[in-house]
Amino acid sequence: MLAVGANGTAIMAALPTMRTELFLSSAGVQWAVNAYLVVSAACIVLGGHAADRFGVRLTSMVGLALFGVASCIIATAGIQTELLAGRALQGLAAAFAVPGTLAAVDTSAAPERRGAAIGAWTGFLMLGFSVGPLLGGALTHVTGWRVIFWLNVLLMLVAIAGLASAGSATARADGTQGRRADWTGFVSLATFMVSLVFGLHALPHVGAAPLPVVGPFVLAAAAFVLLLIVESRAEAPLVDLSFFARRGFVMGVAVGSLSMFSIMSLLLYFNLYAQSREGLGLTALEAGASLLPLSAALLGLALSASAVAARVGLRNAMTGGMALIAIASAVIGIGIAGGGMVLLTIGFVVMGSGLALPYALAPRLALSALSPAQAGQGSGVVNACTFLGGSGGVAAGAIAFTLGGFVGVLTMIALAGIVGATLGRGISETA
């Protein structure tokens, strides 16, 4: 998870260099991040089903092997099309690796240790997200951006070897072997997610070209209605709609999605701003290093999230974390407006603390509403929503960045924090 998380954001520090070398368009820069997120979101529920049907270890190993192949494609890319194809394939690979590993953690840990185990899983995933820009910046500065993806291949081989030597968490969920794949549901879900993100990307140009905006949104709405109809009638649905009748699951998904929305938009647009002449004028390495306080806070709070929740209550921990996101956005905004690096560092520490708590606790809250036999499918749905939240953050962040620069992005993130804190108050005290 550390490697998968780092891969998702390491490219952000390298994008200014990649844009020049591969002649990336403005849309190409966004899709270099979003191709990974959108394909992951569209396929990750299918990956969760595969974990239930074929076993979490086998599913995870296949996903990690495919991730390594995709990394080779990106490392040898010479044009924008090859880069985007490799990123999309990485997204497909992550769709099988991510829910498989989360389901393994959820089902193999003892009940009294399950919260801490899921916290460790999310902690290292978020640590990967946050150290990715530093790793990408350092490698781009010293050796070149292609080394980032060659390193992925080595890390995937190590991860596969580790999973191959593990002797637990391999059982399939009862009754899943004979189920037929819900391909109609899969196509409807994928169409909805991809169309929605395309519409968000085109939204800034609605005045000059309304059709590229209206068309994807209409298609997304139609696909969503079809998804609801198909899944409500399917014997073995890809997306079990009954999950969303459970308050804890819905709250976990909503808060987790807002957390991913915030972290992906923050990391991408901070790197673009920090490395620009109009911004802070930092190198890729310096921009990545400036995020170290964020990384430290993310890891520390994610690993101790269960202890914090035990002390103050799950509702207070998740609500407080989302409130900290809004506060940190204001502090970072003051820092970049002239408050200096000390204030910026404080803002990143607060932001890391705020992001870690809700993101680490959201899967625990959502999965606690499901039975162990639904862990794989539930993990897929949770991660689909959070990946879609991240993709939405990239797309909406582009609008905010165009209208108000990085301050506009911070304002958007603060609003997401306020919404999340409001939702957090609806979490049951007994969750």
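Helix α2 (residues 26-54) packs against helix α4 (residues 80-108) at an angle of about 30°, and their axes lie 6 Å apart. This is a predicted model, in which local features need pLDDT of at least 70, side-chain atom pairs count only at pLDDT 80 or more, and totals for chains, interfaces and linings use all residues. Residues are numbered from 1 along each chain as its sequence is written, and side-chain values use heavy atoms, with hydrogens and water left out.

**Helix packing**

- α2 and α4 are therefore roughly parallel to each other, where angles under 35 degrees count as roughly parallel, over 145 as roughly antiparallel, 65 to 115 as roughly perpendicular and the rest as oblique.
- Helices here are DSSP runs (H or I, at least four residues) numbered from the N terminus, and axes are lines fitted to C-alpha atoms over the stretch in contact, with angles from 0 to 180 degrees between N-to-C directions.
- The crossing of α2 and α4 is right-handed, a term used when the near helix is turned clockwise from the far one by less than a right angle.
- The contact of α2 with α4 involves 19 nonpolar, 8 polar and 1 charged residues, with Ala, Val, Leu, Ile, Met, Phe, Trp, Tyr, Cys and Pro counted as nonpolar, Asp, Glu, Lys and Arg as charged, and the others, Gly among them, as polar.
- α2 also packs with α7 at an angle of about 155°, the axes being 9 Å apart, and that makes α2 roughly antiparallel to α7.
- The crossing of α2 and α7 is right-handed as well; residues in the contact (heavy atoms within 4.5 Å) include Gln-30, Trp-31 and Asn-34 of α2 and Trp-183, Phe-186 and Leu-189 of α7.
- By class, the contact of α2 with α7 has 15 nonpolar, 3 polar and no charged residues.

**Pockets**

- The largest pocket holds about 510 Å³ of space; on a 1 Å grid over the protein atoms alone, a pocket is an open set of points with protein on both sides within 12 Å along at least five of seven lines, a cavity is a set where a 1.4 Å probe fits but cannot get out, and lining residues have an atom within 4 Å of a point.
- Its lining comprises 24 residues, of which Met-1, Thr-101, Val-105, Trp-121 and Leu-163 lie nearest the centre, and α6 gives the most to this lining, with 5 residues.
- The lining of the largest pocket divides into 18 nonpolar, 5 polar and 1 charged residues.
- The second largest pocket contains about 360 Å³ of space, and of the 15 residues that line it, Ser-26, Ala-27, Gln-30, Ala-398 and Thr-402 are the closest to its centre.
- α2 supplies the largest share of the lining of the second largest pocket, 5 residues.

**Cavities**

- The count comes to 2 cavities of 30 Å³ or more, a volume being the space filled by probe spheres set on grid points that are joined across faces, edges and corners.
- The largest cavity has a volume of about 60 Å³, and its lining includes Leu-102, Trp-121 and Tyr-359.
- By class, the lining of the largest cavity has 6 nonpolar, 4 polar and no charged residues.
- The second largest cavity, with a volume of about 40 Å³, is lined by Val-4, Tyr-36, Leu-37, Val-98, Leu-125, Phe-129, Met-260 and Phe-387, which divide into 8 nonpolar, no polar and no charged.

Definitions and conventions
Helices (H or I, at least four residues) and strands (E, at least two) are DSSP runs, numbered from the N terminus.
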